[in-house]
Amino acid sequence: MSDFIPVNTPLLIGNEKKYLNQCIDTGWISSEGPFVQEFEEKFSAKMGREYGVAVANGTVALECAVRALDLQPGDEVIMPSFTIISCIQALFNNQLKPVLVDSLLDTWNMDVSSIRAKITNKTKAIMVVHTYGLPVKMDEILSLAKEFNLKIIEDAAEAHGLMYKGKPCGSFGDISIFSFYPNKLITTGEGGMIVMNNQDLYKQCRYLRNLAFDNPRFVHQDLGYNFRMSNIQAALGLAQLEKLDEFIERKHEMGLYYQQGLQNLDKVQCPVAETSYAQNIYWVFGLVTKKIKATKIMQALAQKNIGTRPFFYPMHLQPVLTKMGLFKQQQYPQAEYISQYGFYLPSGLALTQNEIKRVIEAVQSVIEEI
Ligand SMILES: *Cc1c(COP(=O)(O)O)cnc(C)c1O
């Protein structure tokens, strides 16, 4: 039996140890350490932004970003049904009302053409989520935002270095966020960052991140959070950032290699390699089968010692939300389809060419057997 190939293994091959040792040698391990600011400055600049606020993870980055926009309770925010729970949680925790839209069968990103019909006089923002390696069609989003005076919250958690028409994802939102979870393009173990150009939003995020400490220090005007990132996490982040260009190139190469090996299978749909507005960076290599349940293929691959992960489960079907009586009678058929028939293959940066080859052969044989 050949070795297990996990769905993700990060690559820590740069200055990680050196910078971590500096944390230990200097005693700077808390969020007060110098790597935090350096990471914020270098990362936000790389993403084309003025400011960055490093936080504990991508989920709280979203919550803090939404809070900083100062929307009113009950305001509506349009977002895709097909995404991670973090997105909708950020809205609920800020007393906002999510309004869902469907996603596209080919790019797996939100269907921007269905947004206009969902806009009411309570709509105040659109939350876009760049999904699995391709960006949302931002031109349409930007023009809708302008026409209806809506804020854009941009979830670029999976999109470090992804370009939309030559501009980095994470540079489009009034406020945008990234995650540095180990399966993301670069990692800090756990971590996230909020980026923006507006100085007031920057100050507000820093304030909320740090328990809304003010002056005098222990006298509070607001309730904030402890969402701080430690110097240890930022040390990792800085070392990883130095490798980002290399990592993007590697992901792209891995994606094309998978694509070559799998695109001739007529029972599965590979990711779209390229659109008129972007080149896929293959954050993960997803597959959507033609009518074979993803769980069936995933089980068969597990038998062959290959790790996989299912696609997101749509928000309108989440038990925790339907129990609350939400999204009754709402249907987002394309989100449901890709969720049922989609999964992704091992996509970690530490994956070798031989391992990818083994995965391709396993997928081919599993599909043939079914
Ligand atoms: C990973 C991810 C998040 C959450 O980030 P964490 O750091 O894991 O909290 C949010 N949105 C999207 C689209 C993600 O992929």
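**Ligand site, strands and cores**

In the ligand site, a polar side-chain atom of Ser 179 sits 2.7 Å from an oxygen atom of the ligand, a polar contact being a pair of N or O atoms within 3.5 Å. The model is predicted, so to speak of local features a pLDDT of at least 70 is needed, side-chain atom pairs count only at pLDDT 80 or more, and totals for chains, interfaces and linings use all residues. Residues are numbered from 1 along each chain as its sequence is written, and side-chain values use heavy atoms, with hydrogens and water left out.

For Glu 158, an N or O atom of the side chain is 2.6 Å from a ligand oxygen atom, and for Lys 184 the corresponding distance is 3.1 Å. Of the 380 Å² of accessible area that the ligand has on its own, the protein covers 92% (areas by the Shrake-Rupley method with a 1.4 Å probe). In total, 13 residues surround the ligand (a heavy atom within 4 Å), and the closest are Thr 59, Asp 155, Glu 158, Ser 179 and Lys 184.

Attention now turns to the strands. Strand E1 spans residues 51-55 (strands are DSSP runs of type E with at least two residues, helices are H or I runs of at least four, both numbered from the N terminus). Five of the five residues in E1 are buried, that is, under 20% relative accessible area with a 1.4 Å probe and protein chains only. On one side these are Tyr 51, Val 53 and Val 55, and on the other Gly 52 and Ala 54. E1 runs antiparallel to strand E9 (residues 192-196), joined by five bridges, where pairing requires at least two DSSP bridges. Within this pair, Ala 54 has Met 193 of E9 as its bridge partner.

Another set of strands meets at E13 (residues 342-345), which pairs with E11 (residues 285-289) in the antiparallel sense over four bridges. Here Val 288 stands opposite Gly 342. E13 also pairs with E12 (residues 309-310), again antiparallel, over two bridges, and Arg 309 is partnered with Tyr 344.

Finally, the largest nonpolar core holds 83 residues (buried Ala, Val, Leu, Ile, Met, Phe, Trp, Tyr and Cys joined through side-chain atoms within 4.5 Å). Among the members that touch the most others are Phe 39, Ile 194 and Met 196. Helix H3 (residues 58-68) gives the most to this core, with seven residues. A second, separate core of 26 residues includes Ile 5, Leu 287, Ala 294 and Leu 345.

How values were computed. Buried means under 20% relative accessible area, exposed over 50%, partly exposed in between (1.4 Å probe, protein chains only). A polar contact is a pair of N or O atoms within 3.5 Å; within protein, one must be able to donate a hydrogen and the other to accept it, and residues adjacent in sequence count only if both atoms are side-chain atoms.
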